[in-house]
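Hello,

Please open it first; my notes follow below.

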Amino acid sequence: MRILKLETAPLFSWPHLSAAPRGGVETQDLPLLRGTVDALPAGLDALVVTSDLQGVAPCAALGGAVALLGEVLADGLAALSAEGVLPPLAHTGVVLAGDLFSDDAALVRGASGDVRPVWEAFGQQFRWVVGVAGNHDTFGTAREQARFFRQRPALRLLDGDVVDVDGLRVGGVGGIIGRPDRPGRRDEAAFLQGLRSVMRQGPEVLVLHQGPDAPGPHLRGSAAIRECLPAREDLLVICGHSHWDTPLASLPAGPQVLNVDSRAVLLTR
């Protein structure tokens, strides 16, 4: 899959509260960008891809109660689809690249917690949801996590594996490189081993929370991950974790990287 065009002007945006870098709370906008790809499987009209939705806002689906930003996004996309602005949700898949939690008041920067409500919100509306966990995401206890996904076969949490959804092969590795005694982290050797295992299975789309670095100013990421990626122009890498002002880049070896940190992107043919 290859992105042919990515518009810079948002199609829509959602105001929300987010923890400010130096303390306190600030209001930000979550933008929805529109992109065009060269191909999608038959029966699939669009993909929505997003990550790092670390904020809160009132949610219409919950009667105006404050909810996680991901829940607000799922509800907002459903409303746009009902108005005919977006394709039907029954023919739209979702890719989540991690870090979907915020504390209730958006006061704690980098708060960690349960993101099952976000996955559930997308799962109730869209055709399917695939993705990875960020380093701040939890899903309850190990038993609760297993039961949650077992009861919802349209939701697929990836970590070192590849799934086929509507004929689209999607692989993923969750978490970030770091000290393995801290949540959501594994050492570099273990992370790259999982990445190589995924790439041997030939995914068309690779979902990571921590992505590669790329040529250009402020396109931060992991050089080790970049060096581990194959020379494939037909590979689309979706990631977040480190924000890029320019969301789309091409690596010298060929793959495209779409950074969706603090943004959502709608991909259509």
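How many positive and negative side chains does the protein have, and how far apart do the centres of the two sets lie? There are 24 positive and 30 negative side chains, with the centres 4 Å apart. Lys and Arg count as positive, Asp and Glu as negative; His and the chain ends are not counted. Each charge is placed at NZ of Lys, CZ of Arg, CG of Asp or CD of Glu.

This is a predicted model: local features need pLDDT of at least 70, side-chain atom pairs count only at pLDDT 80 or more, and totals for chains, interfaces and linings use all residues. Residues are numbered from 1 along each chain as its sequence is written, and side-chain values use heavy atoms, leaving out hydrogens and water.

Overall fold. The protein has five helices and 20 strands (DSSP runs numbered from the N terminus: helices H or I, at least four residues; strands E, at least two). Its radius of gyration is 17 Å, close to the 18 Å that the globule rule gives for 269 residues, so it is as compact as a globular protein of that length. The radius is taken over C-alpha atoms, and the rule is 2.2 Å times the number of residues to the power 0.38.

Burial. Of the 269 residues, 54% are buried (under 20% relative accessible area; exposed is over 50%, partly exposed in between; 1.4 Å probe, protein chains only).

Cores. A nonpolar core is a set of buried Ala, Val, Leu, Ile, Met, Phe, Trp, Tyr and Cys residues joined through side-chain atoms within 4.5 Å. The largest one has 38 residues. Trp14, Leu32, Leu73, Leu77, Trp119 and Phe122 have the most contacts inside it. Helix α1 (residues 69-82) gives the largest share, seven residues. A second, separate core has 27 residues, among them Leu44 and Val265.

Contacts (heavy atoms within 4.5 Å). The lists below leave out residues up to four places away in sequence.

- Phe122 touches Gly70, Leu73, Ala74, Leu77, Val94, Leu96 and Val129.
- Val48 sits in strand β4 (residues 46-51). Val48 is buried, at 2% relative accessible area. Its contacts include Leu77, Phe126 and Val265.
- His218 lies in the loop between β16 (205-210) and α5 (223-228). His218 is exposed, at 62%. It touches His243 and Trp244.

Best regards
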